[in-house]
Amino acid sequence: MGILDIVRKIASARNLTQGVVRGIVDDYVECIIDALKAEGKFSLPGIGVLEVKHCNARPGVNPRTGEKVEIPEQNRVSFKCSKLLKDGLNKHE
């Protein structure tokens, strides 16, 4: 399921246009990015937590050419799954 499927499903369930729902989803994503930049963490209740982790520069290898390259320092986002989501995925009926 992709973002368009989610937009269609919400639009249908709430009797809204897909354009309105897509705008809301885009705004929500922007809010998540802003929160991660400002606070380094964002909680998605019932789903999990997104958290910014800093990675130092390190040496790497281009898998196609075998050439050694320097991977620059960067911030990455990690995700920790909530117990509710984990249990829901592993529930066998």
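Here is a quick tour of some side chains and surface features in this structure.

This is a predicted model, where local features need pLDDT of at least 70 and side-chain atom pairs count only at pLDDT 80 or more, while totals for chains, interfaces and linings use all residues. Residues are numbered from 1 along each chain as its sequence is written, and side-chain values use heavy atoms, with hydrogens and water left out. The structure holds three salt bridges, and a search of the whole of it turns up one aromatic pair.

A few words first:

- Helices (H or I, at least four residues) and strands (E, at least two) are DSSP runs, numbered from the N terminus.
- Buried means under 20% relative accessible area, exposed means over 50%, and partly exposed is in between (1.4 Å probe, protein chains only).

**Salt bridges**

- Side chains of opposite charge can pair when their charged atoms come close. The term salt bridge is used for a side-chain nitrogen of Lys or Arg within 4 Å of a carboxyl oxygen of Asp or Glu.
- In helix H1, arginine 8 and aspartate 5 sit three residues apart, about one turn of the helix. Their side chains meet in a salt bridge, with 3.3 Å from N to O. Arginine 8 is partly exposed at 41% relative accessible area, and aspartate 5 is partly exposed too, at 36%.
- Helix H2 has arginine 22 and aspartate 26, which are four residues apart and so separated by about one helical turn. The salt bridge between their side chains spans 3.1 Å, N to O. Arginine 22 has a relative accessible area of 32%, so it counts as partly exposed; aspartate 26, at 37%, is also partly exposed.
- Lysine 83 is exposed, with a relative accessible area of 61%, whereas aspartate 87 is partly exposed at 39%.

**The aromatic pair**

- A pair of aromatic rings is described by the distance of the centres and the angle of the planes. Rings of Phe, Tyr and Trp (its six-membered ring) pair if their centres lie within 6.5 Å; planes under 30 degrees apart count as stacked, over 60 as edge-to-face and the rest as tilted.
- The one pair found in the whole structure joins tyrosine 28 and phenylalanine 42, whose ring centres are 6.3 Å apart and whose planes are at 75°, so it is edge-to-face.
- Tyrosine 28 is in helix H2 (residues 18-39) and phenylalanine 42 is in strand S1 (residues 41-44), so the pair ties together parts that are 14 residues apart in sequence.
- Tyrosine 28 is partly exposed, at 42% relative accessibility, but phenylalanine 42 is buried, at 17%.

- Plain contact means heavy atoms within 4.5 Å.
- Serine 82 sits in the loop between strand S5 (74-81) and helix H3 (83-89). With a relative accessible area of 17%, serine 82 is buried.
- The side chain of serine 82 reaches the backbone oxygen of glycine 46 at 3.1 Å. Setting aside neighbours within four places in sequence, serine 82 is in contact with Gly46, Ile47 and Gly48.
- Asparagine 62 belongs to the loop between strand S3 (58-61) and strand S4 (68-71). Its relative accessible area is 26%, so asparagine 62 is partly exposed.
- A polar atom of the asparagine 62 side chain lies 2.8 Å from the backbone nitrogen of arginine 64. Not counting residues up to four places away in sequence, asparagine 62 touches Glu67 and Val69.

- Asparagine 15 has a positive phi of about 55°, although it is not a glycine.
- Asparagine 15 is in the loop between H1 and H2, and at 72% relative accessibility it counts as exposed.

Technical notes. A polar contact is a pair of N or O atoms within 3.5 Å; within protein, one must be able to donate a hydrogen and the other to accept it, and residues adjacent in sequence count only if both atoms are side-chain atoms.
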